[in-house]
Amino acid sequence: MKAILTAILLCLMISCLNEKDDYVYYIKKIGAVQIDEALIPDTAKNLEFVQIKSRASANNGCWKDLNFELKAINTYEYTLKAYGTYESYGVCPDIMVYRDTIIQFKPIQKGSYLFYITRKPSEIDIDTMLVK
């Protein structure tokens, strides 16, 4: 029994030492991507839908499934962020990945709305919309 166990352990150790170039390094994570463009109307009417147009981009082909998040902080303040899935097996294609979207936004009260747009992880722009 000891001999069989020793032989198995020896085979496992040898197989670990004989790694070749067939090793695949795999990473998958969800992270923020940059917003290149966000078009928010300057004015809107209360209780009527307006379109917020936005474009996100990622700098290589390992990014996919780009999506947007418009989130209310309170009645008059919102954040606009873009996310994507980064999936790599070692080398990423040297291409840009883009996603355009149109978000239907309906203000529910008159006033001045603020939109905090995350252009890059360390860069946030503020855009306003006056609702009459």
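Which handedness does the link of Cys-62 and Cys-92 have, and what is the angle about the S-S bond?

Author: The link of Cys-62 and Cys-92 is left-handed, with -105 degrees about the S-S bond. This is a predicted model, in which local features need pLDDT of at least 70 and side-chain atom pairs count only at pLDDT 80 or more, while totals for chains, interfaces and linings use all residues. Residues are numbered from 1 along each chain as its sequence is written, and side-chain values use heavy atoms, leaving out hydrogens and water.

A disulfide is a covalent bond between the sulfur atoms of two cysteines; here the term is applied to a pair of cysteine sulfur atoms within 2.5 Å. The structure holds one disulfide, and the sulfur atoms of Cys-62 and Cys-92 are 2.0 Å apart. Cys-62 lies in the loop between strand S3 (50–58) and strand S4 (63–72), and Cys-92 in the loop between strand S5 (77–88) and strand S6 (97–105), so the pair ties together parts that are 30 residues apart in sequence. Strands (E, at least two residues) are DSSP runs, numbered from the N terminus.

Cys-62 is buried, at 4% relative accessible area, whereas Cys-92 is partly exposed, at 23%. Buried means under 20% relative accessible area, exposed over 50%, and partly exposed in between (1.4 Å probe, protein chains only).

Cys-62 is also among the residues that Glu-87 touches, not counting residues up to four places away in sequence; contact means heavy atoms within 4.5 Å. Glu-87 is found in strand S5 and is buried, with a relative accessible area of 18%.

Methods
Helix = DSSP H or I, 4+ residues; strand = E, 2+ residues; numbered from the N terminus.
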